[in-house]
Amino acid sequence: VNVFFRPIDKINSVIETYPKGIAGFRRYLSLLNTDPDIADTRGAVDAPKLSGAISFRDVGFGYEHGRSILSHINLEVRPGETVAFVGPSGAGKTTLLSLLPRFYEVGAGSIEVDGIDIRNLTLASLRSQIGIVQQDVFLFGGTVRENIAYGRLDASDADIREAARRARLDEAVAAMPDGLDTIIGERGVKLSGGQKQRLAIARMFLKNPPILILDEATSALDTQTEREIQRSLAELSEGRTTLVIAHRLATVRDADRIVVVDRSGIAEEGSHQALLELGGLYSRLAQAQHH
Ligand code: ATP
């Protein structure tokens, strides 16, 4: 999963390219080898405020010529729906979701948001409405406040506190030497894994995008922390279209729909119960989780 990792010093050039309103996906940009050729198409317009309907229409994609990763992907996601993506490692879940913010261009077919081909939208306006929570949270060596407001520099103190509260980061912040003004990172306080996750969630409450992409953490947190983060994420996804690369059975069970991706594309789709009864790839994956 960490094959995309790039050193943090690369982040500055990325920030310059995308000056505002895009917390989270900058991190993604730093993780993924995004295609440098992707830019606004001629005549691209700013996206209206999206309701979060997403359509993948016969989408095909490969990183290298002649080596297809995804083909004939068809998927309709309703505004506010939570869809869990599961499947074997390397099946293409991350790849599929990275096409939505146009980190890569589809090789075939199209992706639409609210009925608009994403290629007809400016990158900044598209990406400002997609929030991404990665398992490796990008933090820089500033204050907690700056790290939460990252991507929304105009945020008020009240907004930042509210975001921290909703992400259940407020107690931890209160216990820090300088509260929100505590320096974190190498020169300051080191955050725990759970606190980093909460900070990432606080960023998203502040950013308030209609579409969320969650890459669920696989790293071990203690059960209590994990449950709380799960609850915060559930609250965060409330009223937003949420696409989650799911590693936990609980997440999958709570999703409105499960999409099972394997090397040939979408293998199965349906509810937890329906897929168990189908007795296919999903039921085997679910079974493997119990052992
Ligand atoms: P995991 O659950 O392990 O994260 P995944 O289902 O998300 O897996 P992807 O990360 O999308 O799968 O990878 C799908 C395929 O694409 C893999 O074979 C992977 O090696 C390949 N791949 C991913 N990123 C790149 C890249 N930047 N360049 C070339 N190949 C890539």
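Modeller: First, axes here are lines fitted to C-alpha atoms, for helices over the stretch in contact, with angles from 0 to 180 degrees between N-to-C directions. Helices (H or I, at least four residues) and strands (E, at least two) are DSSP runs, numbered from the N terminus. It's a predicted model: local features need pLDDT of at least 70, side-chain atom pairs count only at pLDDT 80 or more, and totals for chains, interfaces and linings use all residues. Residues are numbered from 1 along each chain as its sequence is written.

Biologist: OK, at what angle do H6 and H8 cross?

Modeller: Roughly 130 degrees, with the axes of H6 (residues 157-166) and H8 (residues 193-207) coming within 8 Å. H6 and H8 are therefore oblique (under 35 degrees is roughly parallel, over 145 roughly antiparallel, 65 to 115 roughly perpendicular, the rest oblique).

Biologist: And which residues of H6 and H8 make the contact?

Modeller: From H6, Asp159, Ile160, Ala163, Ala164 and Arg166; from H8, Ala202, Phe205 and Leu206. Contact means C-beta atoms, placed from the backbone, within 7 Å.

Biologist: Switching topic, how many residues surround the ligand?

Modeller: 12, and the closest are Tyr63, Ser89, Lys93, Thr94 and Thr95. A residue counts if its C-beta atom, placed from the backbone, lies within 6 Å.

Biologist: Last one: in which sense do S9 and S10 pair?

Modeller: Antiparallel, over 5 bridges, between S9 (residues 257-262) and S10 (residues 265-270). Pairing takes at least two DSSP bridges. S9 and S10 form a hairpin with 2 residues between them, and Ile258 has Gly270 in S10 as its bridge partner.

Conventions
Two residues are in contact if their C-beta atoms, placed from the backbone, lie within 7 Å.
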